[in-house]
Amino acid sequence: MSRAELIADLAESLHDAASIFTAEDGGDFRRHLDAAAQDMSRVRPRTLLGIITLVADQEAYAAPADIQIFKSALWGVSRTARPWERAWTGRLPDVRLAMNGTTPEMYLLPAPTAQQISVLGATYKFYYFAAHSVSADAAQTTIVLGDRSLLLLRAQAEAMRELAVRNVSKPVTMRDGISGGTRNGTPTYLFEALMREFESRIQ
């Protein structure tokens, strides 16, 4: 699903309300889809494998650009030595995720030691939750085809939320995209109704 295809579907689904938004270069519709994709990360978690190369006594490492939450480490989980044994390499680091300006970084605390790297290796593999995205290249859009209607429903809700913020008082007509039934009311009502439907469909 490319961004252009989704924008066209979203604009069509909004019917008369679509004329209120800017369509040039995706405009407002692109923002609605981006917000919807962000919320899809909440309801359709996306787990990916990450890899960093460890350096002895170094705490900070560049994190994947699309990381949202660190999930779990694979490095060192198979070690068999116990704390009272000579082969014990010490406590494994905990991971904290932080932003360095606009760049996400992983902090391994305490920093991995030279002994740990010697025994366990310098390749630190981990699982993390990644953000969803809508791309101009259909192959780069992370929302699966089966969730297309769910994404569009959430984007419709985002459009109604923006209309409510703009204090639009003119009633807006929307179709829910499922039953084809008409829903009339203020943008605030429509936002709440669409979000209820969105939440019910992810159960």
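At what angle do the axes of helix 2 and helix 5 cross, and within what distance do they come?

Guide: This is a predicted model, and its chain has a mean pLDDT of 87, with 90% of the residues at 70 or more. One stretch falls below 50 in pLDDT, namely residues 178–183. In the model that stretch has 17 contacts beyond near neighbours in sequence.

To the part you asked about. The axes of helix 2 and helix 5 (residues 187–201) cross at roughly 40° and come within 12 Å. The crossing is right-handed. Helix 2 brings Asp39, Met40, Arg42 and Val43 to the contact, and helix 5 brings Met195, Phe198 and Glu199. Sorted by class, the residues of this contact are four nonpolar, no polar and three charged.

Helix 5 also packs with helix 4. The axes of helix 4 and helix 5 come within 8 Å and cross at roughly 155°. Helix 4 is therefore roughly antiparallel to helix 5. Their crossing is left-handed. From helix 4 the contact takes Ser149, Leu150, Leu153, Arg154, Gln156, Ala157, Met160, Arg161, Leu163 and Ala164. From helix 5 it takes Pro187, Thr188, Leu190, Phe191, Leu194, Met195, Glu197, Phe198 and Arg201. By class these are twelve nonpolar, three polar and four charged residues. Met195 and Phe198 of helix 5 are named in the contact with helix 4 and also in the contact with helix 2.

Helix 4 (residues 148–165) leads on to helix 1 (residues 3–13): the two pack at an angle of about 55°, with their axes 10 Å apart. Helix 1 is therefore oblique to helix 4. Helix 1 passes helix 4 in a right-handed crossing. On the side of helix 1 the contact is made by Glu5, Leu6, Asp9, Leu10 and Ser13, and on the side of helix 4 by Arg148, Leu151, Leu152, Ala155 and Gln156. Five of the residues in this contact are nonpolar, two are polar and three are charged. Gln156 of helix 4 belongs to the contact with helix 1 and is also listed in the contact with helix 5.

Between helix 1 and helix 2 (27–43) runs a loop that holds His15. His15 is not a glycine, yet it has a positive phi of about 55°. Most residues other than glycine have a negative phi.

Three of them form an open sheet in the order 1-6-3, with antiparallel pairing. Strand 1 (46–53) and strand 3 (67–73) each have a single partner strand, so they stand at the edges and one side of each is left without a neighbour in the sheet. From one strand to the next the twist averages 40°. Eight bridges pair strand 1 with strand 6 (residues 123–130) in the antiparallel sense. In this pairing Thr53 stands opposite Thr123 of strand 6.

Another open sheet of three strands has the order 2-5-4, and its pairing is antiparallel too. Its edges are strand 2 (60–62) and strand 4 (94–100), each with a single partner strand, so one side of each has no neighbour in the sheet. Neighbouring strands here are turned by 35° against each other on average, direction ignored.

Strand 2 and strand 5 run antiparallel and are joined by three bridges. Ala62 stands opposite Glu105 of strand 5. Strand 5 (residues 103–109) also pairs with strand 4 in the antiparallel sense, over seven bridges. Here Met99 has Pro104 as its bridge partner, and Asn100 has Thr103. Strand 4 and strand 5 form a hairpin with two residues between them. Gly101, in the turn, has a positive phi of about 70°.

The peptide bond from Leu109 to Pro110 is cis, with omega near -5°. Most peptide bonds are trans.

Definitions and conventions:
Residues are numbered from 1 along each chain as its sequence is written. This is a predicted model: local features need pLDDT of at least 70, side-chain atom pairs count only at pLDDT 80 or more; totals for chains, interfaces and linings use all residues. Side-chain values use heavy atoms; hydrogens and water are left out. Two strands pair if DSSP finds at least two bridges between them. Helices (H or I, at least four residues) and strands (E, at least two) are DSSP runs, numbered from the N terminus. Axes are lines fitted to C-alpha atoms, for helices over the stretch in contact, and angles run from 0 to 180 degrees between N-to-C directions. Angles under 35 degrees count as roughly parallel, over 145 as roughly antiparallel, 65 to 115 as roughly perpendicular and the rest as oblique. A crossing is left-handed if the near helix is turned anticlockwise from the far one by less than a right angle, and right-handed if clockwise. Contact means heavy atoms within 4.5 Å. Ala, Val, Leu, Ile, Met, Phe, Trp, Tyr, Cys and Pro count as nonpolar, Asp, Glu, Lys and Arg as charged, and the others, Gly among them, as polar. pLDDT is the predictor's confidence in each residue, from 0 to 100.
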